[in-house]
Amino acid sequence: MIAAALPGAEVEVIDETGNGDHLRATVKAPQFEGLSRIDQHRLVKAAVKERFDDGTIHALSVKTAT
Amino acid sequence: MADPELKSKVEELIGANPVLLFMKGTPEMPRCGFSMRVVQVLDSLDVEYGAIDVLPALQPLREVTTEIADWQTFPQLYVNGELVGGADIVEEMFDSGELAEALGVEQPEAPAPTAGPPAQSPPLQIE
């Protein structure tokens, strides 16, 4: 889902609890170039917003890199 | 839509406090692990900050911050009127020294509070 929203991104997602609802994502994307961290995180969160809204995900830790 | 009165109050607070933390609980008694981590970072930087407990009005405040900063989760740290981030970003920026720079303070020499358990005495041994 993140990769689809950010073409060319390298995405690694770790399921922290084994239930699939508390996730940790490391995202490296060319789109992050020149953006502040907060804007990078906004992009990632926007990409998965649907899953938050429908309750599939409760928590997502994000680490971004360019 | 966010309550306009609450929104203008929040904007006023963000404008009036150079460093402002919206958190769950208080710095003395955080009610959420993420909020606690941000408090620990700010305390270790020895920086003065305002703190607002969002728990009494969680949903209305969420609507406000969504409108003003496009951010839904707490904690949220604002520096000079701008949202810096939540716990993940604050810790990352603390570790890299960027947060101290943004706040205009010295990076402490001590390791980050979350870097690992404090030094402990050696385990007891049973002879």
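B:Asp70 is found in the loop between α3 and β3 of chain B, where helices (H or I, at least four residues) and strands (E, at least two) are DSSP runs numbered from the N terminus. The phi angle of B:Asp70 is near 55°, a positive value in a residue other than glycine. This is a predicted model, in which local features need pLDDT of at least 70 and side-chain atom pairs count only at pLDDT 80 or more, while totals for chains, interfaces and linings use all residues. Residues are numbered from 1 along each chain as its sequence is written, and chains are lettered from A and ligands numbered from 1 in the order in which they are written.

**Confidence**

- The predictor assigns the complex an ipTM of 0.75 together with a pTM of 0.82.
- Chain A averages a pLDDT (the predictor's confidence in each residue, from 0 to 100) of 90, and 100% of its residues score at least 70.
- For chain B the mean pLDDT is 90, with 86% of the residues reaching 70 or more.
- Within chain A, confidence is lowest in helix α1 (residues 2–5), at a mean of 87, and highest in strand β1 (residues 10–15), at 93.

**Chain A as a whole**

- Chain A contains two helices and three strands, and read along the sequence these follow the pattern α-β-β-α-β.
- The radius of gyration of chain A is 11 Å, close to the 11 Å that the globule rule gives for 66 residues, so chain A is as compact as a globular protein of that length; this radius is taken over C-alpha atoms, and the rule is 2.2 Å times the number of residues to the power 0.38.
- The C-alpha trace of chain A spans about 35 × 20 × 20 Å along its principal axes.

**Helix packing within chain B**

- Helix α2 (residues 33–44) and helix α4 (residues 87–96) of chain B have axes that come within 9 Å and cross at roughly 25°, the axes being lines fitted to C-alpha atoms, for helices over the stretch in contact, and the angles running from 0 to 180 degrees between N-to-C directions.
- α2(B) and α4(B) are therefore roughly parallel to each other, given that angles under 35 degrees count as roughly parallel, over 145 as roughly antiparallel, 65 to 115 as roughly perpendicular and the rest as oblique.
- The crossing of α2(B) and α4(B) is left-handed, a term used if the near helix is turned anticlockwise from the far one by less than a right angle, with right-handed used if clockwise.
- From α2(B) the contact draws on B:Phe34, B:Arg37, B:Val38 and B:Val41, and from α4(B) on B:Ala87, B:Val90, B:Glu91 and B:Phe94, two residues being in contact if their C-beta atoms, placed from the backbone, lie within 7 Å.
- The contact of α2(B) with α4(B) has six nonpolar, no polar and two charged residues, where Ala, Val, Leu, Ile, Met, Phe, Trp, Tyr, Cys and Pro count as nonpolar, Asp, Glu, Lys and Arg as charged, and the others, Gly among them, as polar.
- Helix α1 (residues 4–16) and helix α3 (residues 58–69) of chain B pack at an angle of about 65°, with their axes 10 Å apart, which makes α1(B) roughly perpendicular to α3(B).
- α1(B) passes α3(B) in a right-handed crossing, and the contact is made by B:Leu6, B:Lys7, B:Val10 and B:Glu11 of α1(B) with B:Pro60, B:Val64, B:Glu67 and B:Ile68 of α3(B).
- By class, the contact of α1(B) with α3(B) has five nonpolar, no polar and three charged residues.

**A cis peptide bond in chain B**

- B:Phe74 and B:Pro75 are joined by a cis peptide bond, with omega about 10°, and B:Pro75 lies in the loop between α3 and β3 (76–79) of chain B.

**Contact between the chains**

- Seven residues from chain A and eight residues from chain B take part in the contact.
- On the side of chain A that touches chain B, α2 (37–53) and β3 (59–65) of chain A each supply at least two residues, and the largest share, four residues, comes from α2(A).
- The residues of that side of chain A divide into two nonpolar, two polar and three charged.
- The axes of α2(A) and α4(B) come within 10 Å and cross at roughly 145°, and the crossing is right-handed.
- A:Arg37, A:Ile38 and A:His41 of α2(A) make this contact with B:Ile89, B:Glu92 and B:Met93 of α4(B), and by class the residues divide into three nonpolar, one polar and two charged.
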